[in-house]
Amino acid sequence: QVTMTYARNNLIKNMESESVTCQEHYINPLFTDFYQVTMTYAYWKAGRHSERSSFEAFFRKCPFKGEFAIFAGLDEVIQFIREFKFTRYQIDYLQTQLPHAEKEFFEWLGTLDTSEMIVKGIPDGTIVFGNQPLLSIEGPIAIVQLIETPILNLINFASLICTNAARMNIRSGGVKCIEFGLRRAQGPNGAMTATKYSYVGGFDGTSNVYAGMLYGIPIAGTIAHSFIMSFESEDDLKDHRTLNGVDVLSRAREFRDELMWTNTIDSELFSFVSFGCSYPDNFLCLIDTFNTIESGCKNFLLVALVLAELGYKPKGVRLDSGDLAQLSKDCKKLFTETGAKYGFDLSQITVTASNDINEATIVQLNQAGHQIDVFGIGTNLVTCQAQPALGMVYKLVQIEGKPRIKLSEDKEKVLIPGQKKVFRVFENEVPSFDIM
């Protein structure tokens with residue numbers, strides 16, 4: 001009951017305090033498993049807390065049944081270690097969880113810092129392999145033990161996302177990849193981590209505006225079905241239908257009559273006119289709200305022709321359903337034919353494709369000879385649908401200069417004892433193999 005009351009009061013204080021409600025503040029000394037704290041107390045109680053130890057973080061099997069991984073998260077590990085310090089508020093909480101511990105232990109926790117720690121890590125974005133020490137941390141055993149859980153949390157998901165992004169990027173064969181996963185990610189922290197490390201893994205941009213501000217990642221976005229569906233009649237355009245003195249809707253209708261595309265959906269055309277007048281230099285529309293080719297693509301082109309007459313370059317369309325490979329080819333053909341009819345080069349108009357794209361989907365689209373210019377990838381990237389966890393571990397390999405080994409009935413889990421180094425051998429400036 002005491003614990004529950006403390007937790008309830010703690011939650012209320014968090015809700016009332018801006019300084020602790022931000023998700024970024026999760027990364028602190030209490031962001032750990034409780035057994036790290038109990039072991040820390042046991043080391044201190046036995047007078048062993050200052051013994052010099054070495055831990056290494058690594059994974060045993062490459063993710064996604066592949067042959068490599070991309071390491072990531074070192075920058076956040078370094079930041080966490082630099083800022084590591086218990087607050088009085090955090091120590092007060094631990095006292096409620098360890099009521100038998102001496103006050104001297106909590107006083108010692110208040111003095112704990114990372115000044116005696118040595119951290120060695122492989123740079124973010126580096127190709128790595130199983131059983132290699134990706135992170136080596138040396139220092140007093142109590143604190144090096146205490147930070148195990150946050151260290152693994154910071155590098156496990158970051159490395160998995162980075163690898164997933166790299167694999168998709170490789171499969172894309174040069175087609176740009178944009179991360180669209182903010183709404184599907186596992187919470188705010190998962191979303192920010194996914195955006196940041198998909199960019200490290202080779203993606204070209206994100207829909208995540210906050211990540212764009214924090215990390216300098218290019219942001220991208222179009223319109224949603226809701227914007228298109230919000231239009232019903234011409235009156236919904238209000239006075240927003242004129243650009244450079246030209247009535248865009250009237251001119252688009254003239255093109256529609258000339259092309260005999262009279263079956264396109266009016267309300268969709270109204271929405272495209274509104275968006276085109278708002279973004280004449282960045283006119284990119286979602287075209288599958290009603291009928292991708294017979295309405296969406298044609299309505300886009302009607303507005304695009306008006307913009308082209310006015311000297312603008314229409315940017316592109318987005319496909320979010322249907323046979324993406326065939327639709328991309330149909331769109332490109334229509335762009336070329338329509339442009340040629342009016343003497344405009346519309347070859348710069350791009351096709352962006354989304355809709356549950358993953359690595360296997362990209363392979364299938366490649367085999368179908370798609371003409372997609374940009375992949376918008378969300379759910380299957382940020383949730384790592386193909387493998388939700390990397391399985392990185394953090395093991396004691398040496399204490400007071402003496403190697404330590406963990407044995408197991410599972411051969412792959414037998415620990416290689418002692419501190420290790422990895423050397424990458426290059427032949428003619430091309431990486432050939434590693435030596436550990």
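Okay, one term before we start: buried means under 20% relative accessible area, exposed means over 50%, and partly exposed is in between, with a 1.4 Å probe and protein chains only. What you see is a predicted model, where local features need pLDDT of at least 70, side-chain atom pairs count only at pLDDT 80 or more, and totals for chains, interfaces and linings use all residues. Residues are numbered from 1 along each chain as its sequence is written, and side-chain values use heavy atoms, leaving out hydrogens and water.

Let's talk salt bridges, meaning a side-chain nitrogen of Lys or Arg within 4 Å of a carboxyl oxygen of Asp or Glu. How many salt bridges does a search of the whole structure find? It's 20.

Take Arg 424 and Asp 434, whose closest N and O atoms are 2.8 Å apart. That pair links distant parts of the chain, with Arg 424 in strand 16 and Asp 434 in strand 17, ten residues apart. Helices (H or I, at least four residues) and strands (E, at least two) are DSSP runs, by the way, numbered from the N terminus. Arg 424 is partly exposed at 30%, and Asp 434 is partly exposed at 23%.

Next up, Lys 332 and Asp 373 meet at 2.7 Å, N to O. Here Lys 332 sits in helix 15, while Asp 373 is in the loop between helix 16 and strand 13, 41 residues away. Lys 332 is buried, at 15%, but Asp 373 is partly exposed, at 27%.

Asp 92 pairs with Arg 88 at 3.1 Å; both lie in helix 5, about one turn apart.

And finally, a network of salt bridges links Glu 234, Arg 241, Asp 247 and Arg 253.
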